[in-house]
Amino acid sequence: MSASAALAAALQDLEAELRRWGLWSVEPPLAEQLASQAPFCADTMAFEQWLQWVFIPRINQLLASGASLPGPCALRPMGEQAFLHLGRRQADLLAVLARIDRHASTLVD
């Protein structure tokens, strides 16, 4: 499996994990929330919202167009903090974030 295909599969797994834990939102964020300049839009939305509404669509778009990724990811450390409330249940979610970090780093030019 290519690195792009592995990353796409990991993004699907991330969506599945977010849904599994009830962290997938049906209501999109407001335009003002999406316009945040803070890393991960941390000042306007929860990390899982940023993953759903910004990160996953953007990376899927880049993969579909064959464009280069903007740089290596470091999602797992943020996930460790953001999903602390899940306790041990966060393990699968953090594993998926680590896979995304690993696969994305191999696709950076």
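**Reading salt bridges in a predicted model**

Modeller: Let's start with E80, which counts as partly exposed at 31% relative accessibility. The scale behind that word calls a residue buried under 20% relative accessible area, exposed over 50%, and partly exposed in between, using a 1.4 Å probe and protein chains only.

Biologist: Before we go on, what kind of model is this?

Modeller: It is a predicted model, so local features need pLDDT of at least 70 and side-chain atom pairs count only at pLDDT 80 or more, while totals for chains, interfaces and linings use all residues. Residues are numbered from 1 along each chain as its sequence is written, and side-chain values use heavy atoms, leaving out hydrogens and water.

Biologist: Which residue does E80 form a salt bridge with?

Modeller: A salt bridge here is a side-chain nitrogen of Lys or Arg within 4 Å of a carboxyl oxygen of Asp or Glu. E80 pairs with R76, and their closest N and O atoms are 2.9 Å apart.

Biologist: Where do R76 and E80 lie, and how many residues apart are they?

Modeller: Both are in helix α4 (residues 75-82), and because they are four residues apart there, about one helical turn separates them. Helices are DSSP runs of H or I with at least four residues, numbered from the N terminus. R76 is partly exposed too, with a relative accessible area of 31%.

Biologist: How many salt bridges does the rule count?

Modeller: The count comes to five. One of the pairs to look at in your viewer is R99 with D13, whose side chains meet at 2.7 Å, N to O.

Biologist: Which parts does the pair of R99 and D13 tie together?

Modeller: R99 lies in helix α5 (residues 90-106) and D13 in helix α1 (residues 3-20), so this pair links parts that are 86 residues apart in sequence.

Biologist: What are the relative accessible areas of R99 and D13?

Modeller: R99 is partly exposed at 25%. D13 is also partly exposed, with a value of 31%.

Terms used:
Helix = DSSP H or I, 4+ residues; strand = E, 2+ residues; numbered from the N terminus.
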